[in-house]
Amino acid sequence: MAEPHEMTAAELSRAYHDGDLSPVEVTQGFLARIEALDSEVNAFCLIDSHTTLAQAEASAQRWQEGDPLSPLDGVPVAVKDLLLTKGWATRRGSLTVDPNGPWNEDAPTVARLKEAGAVLIGKTTTPEFGWKGCTDSPLTGITRNPWNKAKTPGGSSGGSSAALAARFCPLALGTDGGGSIRIPASFTNTYGLKPSFGRVAAYPLSPFGTLAHVGPMSRTVQDSAMLMNVIARPDPRDWFNLPYEPTDYAAGLEESMRGKRIAYSPRLGWVKKIVPEVEELAAKAVKRFEAMGAHVEQVDPPAADTGDIFQKLWWSGAGFALGNLSEAQKEKLDPGLRRMVEEGVKIGKETYLAANLARGAYGSALRVFMETYDFLLTPALATPAFDVGLLSPLDDDGQAWMAWSPFSYPFNLTQQPAASVPCGFTRDGLPVGLQIVGRMFDDAGVLAASAAYEMADPHYEKTPKGF
């Protein structure tokens, strides 16, 4: 049997069932790894060993009695520090948030995990209020990529992705408002799914509104499907929550890709800057779907660059959330976030409403386009991971992080399910992801397509040197 930190959530669950491992020894092992190695990565901003071990002990008792709460009972899960966790501070990477709370409520996903008996291993780092696609903040400093510690793990769920890559936990929660699950998954050789908007309940509502999704992150597709089985359960606090469908996402992962209709768009018809090696790896990945019997057509979806629409909505959300901070509080903000806030408060209601109207037209056009196809494939990003401290390796203007994530934010606008699955490494050993976009509400289909690709071209067993 593999070392517990190398095991997937599914493997740990089977080991608990068979009595080969206990949630207590597994949790102790992960906590020891975090204590020994996280100083090199900075994936966690909060560890509470006492509470975590108490959860593990309760789980061990349930397994011993043959009465686990779910297959994920006792499995360690990391929680991104944008998600409320009762008793633990949720500071969102910001010096402006009072650590004293009160912290008396769980976000829906955290509540579902507790109901399922999962062990919360800690809270993971995020850029301040999740504003950008790399993970550093005035509160927690720089989070580094286990594959190359000079590089970013992406963001804004970069702490979660770094924790997964470093084998600090098998599962993590992320949020995605413009690529914040898929970006770090691509940069760290991990898997991340942005579910259809409303599929996974969110509360309180993000200031970025209906751009913001909550979803699973893991090393394998099966583990994310198991996590979806838990976190996709309903919560009445989210008034956007879709009607509950009791789907077993893990049961449908063996669906064949034979006969599936797939659109492949290497540049969405308008992306100008992309690292050639990334484009080449994505193109090779697409050919694997052809080998699986899918009908692949190279075709671009409708519309040109939607960056202007996204920027107006994203910047407005930042302005609304933080524009009324005192001058003393604004001085504590990440300078880049402060600039975005200052630009956001200048966006008038007519401009905002026009952007929202344009978003609706784009979303409608994509839904019509997807009537012809089961999936749309693109590179996950335009670049592999780049040096920490940068906003962009491609340019350095006001849209810096958008310049290298042009494949991400369009599908926050459309609210479709989209995932990043590992598809290879650059010659420098940096991971690259393939994006799989599905029809609205077809989260199970995206997971199945991801699993089919993972089986044809597995990368999840590869481990960063030193971890």
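**Overall fold.** I worked from a predicted model. I counted 15 helices and 13 strands in the protein chain. The C-alpha trace spans about 60 × 60 × 45 Å along its principal axes. Of the 467 residues, 62% are buried. I also looked at contacts between residues at least 6 apart in sequence, and 77% of these join residues at least 24 apart.

**Surface and charge.** The chain exposes about 17500 Å², with 51% of that supplied by carbon and sulfur atoms. I found 43 positive and 55 negative side chains, and the centres of the two sets lie 4 Å apart.

**Aromatic pairs.** My search of the whole structure gave 14 aromatic pairs. I looked up Phe289 and Tyr453: their ring centres are 5.9 Å apart and their planes are at 15°, under the 30 degrees cut-off, so I list the pair as stacked. Phe289 sits in helix H8 (residues 276-291) and Tyr453 in helix H15 (residues 443-456), so the pair links parts of the chain 164 residues apart. Phe289 counts as buried at 0% relative accessibility, and Tyr453 is buried with a relative accessible area of 0%.

Next I took Phe386 and Trp404, an edge-to-face pair with 4.9 Å centre to centre and 70° between the planes. Phe386 lies in the loop between strand E11 and helix H13, and Trp404 in the loop between H13 and helix H14, 18 residues apart. Both Phe386 and Trp404 are buried.

Last, I noted one aromatic cluster formed by Phe208, Phe310, Trp314 and Tyr409.

Key
Residues numbered from 1 in each chain as written. Predicted model: local features only at pLDDT ≥ 70, side-chain atom pairs only at ≥ 80, totals over all residues. Heavy atoms only, no water. Phe/Tyr/Trp six-rings, centres within 6.5 Å; stacked < 30°, edge-to-face > 60°. Helix = DSSP H or I, 4+ residues; strand = E, 2+ residues; numbered from the N terminus. Buried < 20%, exposed > 50% of the residue type's maximum accessible area, 1.4 Å probe, protein only. Contact = heavy atoms within 4.5 Å. Areas by Shrake-Rupley, 256 points an atom, 1.4 Å probe, with all protein chains shown as cover. Lys, Arg positive; Asp, Glu negative; His and termini not counted. Charge placed at Lys NZ, Arg CZ, Asp CG, Glu CD.
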